[in-house]
Amino acid sequence: MAEQLPLRFAFNPELGFLQYHSGANAEIVAHLKHAASGRGDTLIFLWGEPGTGKSHLLNACCREACQSGLSVSYLPLSGLREYGPGVLDGLEHQDLVCLDDVDSVAGDDAWERALFNLFNCLRDHGNRLIAAAGVPSAELAIRLPDLKTRLGWGLTLRLQPLNDEDKLIVLGAHARSLGLDLSPQVGRFLLSHYHRDLSSLKRLLDELDHATLAAKRKLTIPFLKNYLEETT
């Protein structure tokens, strides 16, 4: 019996546009919402540094499209590469396809050919594609010239990193969702003494939530210092 692939084509419904703090990216969010609702650009290439929220926004696009009655697929390619490009078969019939981590399959001939074919088929069917990567399409290590050209055809959007005040707002909201009291002083200490990308900071808050509960302590700067010394 063939092994069933744990394919994750479903988006996370908890990651919506309302849960994304846009900061300097408000115009980009507006473009994405417009496209996700079935209007505007049919091809969008979204790029930005780690922690700028690319995956969140792709999930939000799927949620928006689904609420508009459209069929959607969200594919995090970094987690699907091992299963081969056959996972893309039939996606041209979806109203919206969101491809995350495109850079993770760049340089793989089979994947590049499959992406090229998917792009053409989606275009022929009048359906939409939103792709995301950590670098602009021109800097992807893609060997198939036609694919690199196609990815540059649509609207390219660059996500700007959040400033420190915006990051504190995002971290505060994440802490509240955990039931964790994050004071502004502790938040600023985190930004000054730990990795500054939001993904790492949120993971640390998750760990601190468990640590403070286990120790029956509040999250203070002394507690945080001790925790970082013991775990890093």
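**Exercise 1. Describe how H6 and helix H7 (residues 184-193) pack, and find which residues make the contact.**

Step 1: start with the geometry. The axes of H6 and H7 are 10 Å apart and the packing angle is about 120 degrees. Here axes are lines fitted to C-alpha atoms, for helices over the stretch in contact, with angles running from 0 to 180 degrees between N-to-C directions. Helices (H or I, at least four residues) and strands (E, at least two) are DSSP runs, numbered from the N terminus.

Step 2: name the arrangement. H6 is therefore oblique to H7; angles under 35 degrees count as roughly parallel, over 145 as roughly antiparallel, 65 to 115 as roughly perpendicular and the rest as oblique. The crossing of H6 past H7 is right-handed, a term for a near helix turned clockwise from the far one by less than a right angle, left-handed being anticlockwise.

Step 3: list the residues. H6 contributes Asp 164, Glu 165, Lys 167, Leu 168 and Leu 171, while H7 contributes Gly 187, Arg 188 and Leu 191; contact means heavy atoms within 4.5 Å. Sorted by class, the contact of H6 with H7 has four charged, three nonpolar and one polar residue. In this scheme Ala, Val, Leu, Ile, Met, Phe, Trp, Tyr, Cys and Pro are nonpolar, Asp, Glu, Lys and Arg are charged, and the others, Gly among them, are polar.

Before you go on, note that this is a predicted model: local features need pLDDT of at least 70, side-chain atom pairs count only at pLDDT 80 or more, and totals for chains, interfaces and linings use all residues. Residues are numbered from 1 along each chain as its sequence is written, and side-chain values use heavy atoms, with hydrogens and water left out.

**Exercise 2. Work out how H6 (residues 164-178) and H8 (residues 198-215) are arranged.**

Step 1: the axes of H6 and H8 come within 10 Å and cross at roughly 30 degrees. The two helices are therefore roughly parallel to each other, and their crossing is right-handed.

Step 2: on the H6 side, look for Lys 167, Val 170, Leu 171, His 174, Ala 175 and Leu 178; they meet Leu 198, Leu 201, Lys 202, Leu 205, Asp 206 and Asp 209 of H8. This contact of H6 with H8 holds seven nonpolar, four charged and one polar residue.

**Exercise 3. Locate Asp 101 and Lys 216, and give the phi of each.**

Step 1: Asp 101, in the loop between strand E3 (96-100) and H4, has a positive phi near 60 degrees. Its relative accessible area of 23% makes Asp 101 partly exposed.

Step 2: Lys 216, in the loop between H8 and helix H9 (221-231), has a positive phi of about 55 degrees. Lys 216 is exposed, at 78% relative accessibility.

Conventions. Buried < 20%, exposed > 50% of the residue type's maximum accessible area, 1.4 Å probe, protein only.
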